[in-house]
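Keep the viewer open and try each task before you read its solution.

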Amino acid sequence: MVRRLLRAARSIVVSHAITLREMLHHPVTVRYPEVRERAPLGSRDVPVLKVNEGSGLLNCTSCGLCERACPTSAIEIVQAVDPVSGRRRSWPETYDLHYDHCMVCNICVEVCPFDALEMAAVPELAAYCIEDLTYDKEDLVDLWKTARSIRIHDGMLMPTRHPQAGVALPESER
Ligand code: SF4
Ligand code: SF4
């Protein structure tokens with residue numbers, strides 16, 4: 001009986017000591033949504049379309065590789081066609097990402113041979129309607145312009161000219 005009482009008393013003292021110690025620590029959590037922490041470098045939330053710095057146009061040539069490689073069929077591309085000649089053009093008329101299908105696997109970025117896709121850190125992509133989770137060409141460019149983005153290719157972080165990427169090109173290549 002005495003031993004059980006001692007054990008209970010010890011447990012009360014230890015648990016209160018732990019509570020007190022944690023109360024004095026700086027919290028690791030933040031008061032979201034009032035406080036929003038910047039996503040760490042390397043965060044990847046959504047594939048986005050990159051704009052060529054020189055031409056101001058998309059790097060995407062509408063080759064369709066990412067569409068075919070995507071394991072969840074999250075990408076839908078319609079290639080542009082010249083209305084006069086009927087010949088296919090090398091840019092996408094529409095480029096839709098069905099983000100509700102996307103599992104952020106990075107395969108589309110890996111297979112793109114034209115450096116047209118990057119992964120952007122946008123942790124708050126949520127919507128009440130599933131239709132609102134389909135992003136068109138303009139949405140994907142806007143996301144690229146406004147969020148920090150990176151490109152991982154063959155497991156390596158590729159240099160980028162994106163102003164918010166935090167990964168600059170070497171001095172010699174600027
Ligand atoms: S693989 Fe690259 S260039 Fe080809 S359609 Fe996809 S984004 Fe465009
Ligand atoms: S990240 Fe993966 S799932 Fe998402 S669009 Fe690209 S290939 Fe498809």
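**Exercise 1.** In what order do the 4 strands of the open sheet lie?

Solution. This is a predicted model, where local features need pLDDT of at least 70, side-chain atom pairs count only at pLDDT 80 or more, and totals for chains, interfaces and linings use all residues. Residues are numbered from 1 along each chain as its sequence is written, while chains are lettered from A and ligands numbered from 1 in the order in which they are written.

Step 1: strands are DSSP runs of E with at least two residues, helices are runs of H or I with at least four, and both are numbered from the N terminus. Two strands pair if DSSP finds at least two bridges between them.
Step 2: the order is 1-4-6-7, with antiparallel pairing.
Step 3: strand 1 (46-49) and strand 7 (156-158) are the edges, each pairing on one side only.

**Exercise 2.** Find how strand 6 is joined to strand 7.

**Exercise 3.** Which residues does Leu117 touch?

Solution. Step 1: contact requires C-beta atoms, placed from the backbone, within 7 Å.
Step 1: leaving out residues up to four places away in sequence, the partners of Leu117 are Pro47, Val48, Leu49, Lys50, Cys66, Cys108, Val109 and Cys112.

**Exercise 4.** How many residues surround ligand 1?

Solution. Step 1: a residue counts as near if its C-beta atom, placed from the backbone, lies within 6 Å.
Step 1: 13 residues surround ligand 1, and Cys60, Cys63, Leu65, Cys66 and Cys112 are the closest.

Conventions
Two residues are in contact if their C-beta atoms, placed from the backbone, lie within 7 Å.
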